[in-house]
Amino acid sequence: RIHESEERFRHLAQHDTLTGLATRLVLEDRLNLALETARRHETTLGLLMLDIDNFKQINDRHGHRAGDVVLRVMASRIVETVRKSDTVARMGGDEFVVLLPDMKDPENAEGIAKKLVATLSAPVSFQSREVPVSVSVGVCTGAGDELDGDALLTHVDAAMYEAKEHGRNGYQVYRPEAVQARA
């Protein structure tokens, strides 16, 4: 019983209670491991940051229970769209991060982002109603000297906000010049 309790507490500490996804702490741990592996094997890794567009309006219009359903459905759709070796984490609120380790081609991250935008734009059913949803996705990849976890997270966040500024329901790849222009 003690072992079961310890396992249950460990699971609760490492997984978001609403979606079952990894927490920020698990993501940071896996990101550090992926960074070391990418440096050693000279591969690329990618990060995607997803934010549900107009999530506050979903909560305001349909209620918080509907918002919770949307979060769970979106989390499930993300997990179903990416590889089993990828890490999907809920960062808080309506924001998710996908860690794409061991990528041979950095452009694959953009293809995954495109697939996620399409998959996550399908309405979510809630109490016999269809709740319209969409996401804005930031994309960032790194290899070699660019492999710094904090910088990658900052860059993917900037790319996600750029996607929001470009009309939402889409993705943007991190471009240093776009971030500098906003500063």
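Which residues have the most contacts inside the largest nonpolar core? Some notes on that and on a few other spots follow.

1. Ground rules. This is a predicted model, where local features need pLDDT of at least 70, side-chain atom pairs count only at pLDDT 80 or more, and totals for chains, interfaces and linings use all residues. Residues are numbered from 1 along each chain as its sequence is written, and side-chain values use heavy atoms, with hydrogens and water left out.

2. The main core. Leu48, Leu50, Ile52 and Val70 have the most contacts inside the largest nonpolar core, which has 32 residues. (A nonpolar core is a set of buried Ala, Val, Leu, Ile, Met, Phe, Trp, Tyr and Cys residues joined through side-chain atoms within 4.5 Å; buried means under 20% relative accessible area, exposed over 50%, partly exposed in between, with a 1.4 Å probe and protein chains only.) Two or more residues each come from β1 (44-52), α3, α4, β3 (95-103), α5 (107-119), β4 (124-126) and β6 (135-142). Helices here are DSSP runs of H or I with at least four residues, strands are E runs of at least two, and both are numbered from the N terminus. The largest share, seven residues, is from α4.

3. One face of α3. Phe55, Ile58, Asn59 and His62 are the buried residues of α3. Looking down the helix axis, they fall within an arc of 100° (taken from the directions from the axis to the C-beta atoms), so they line one face of α3. They pack against β1, α4, β4 and β5 (129-131); contact means heavy atoms within 4.5 Å. Lys56, Asp60 and Arg61 are exposed on the face turned away from the buried side. After α3 comes Gly63, with a positive phi near 100°.

4. α3 against α4. Phe55, Ile58, Asn59 and His62 of α3 also meet His64, Ala66, Gly67, Val70 and Leu71 of α4. By class, this contact has five nonpolar, four polar and no charged residues. (Ala, Val, Leu, Ile, Met, Phe, Trp, Tyr, Cys and Pro count as nonpolar, Asp, Glu, Lys and Arg as charged, and the others, Gly among them, as polar.)

5. Ser121. Ser121 sits in the loop between α5 and β4 and is partly exposed, with a relative accessible area of 33%. Leaving out residues up to four places away in sequence, Ser121 touches Val133, Ser134 and Asn169. The C-alpha atoms of Ser121 and Asn169 are 7.5 Å apart, although 48 residues separate the two along the chain.
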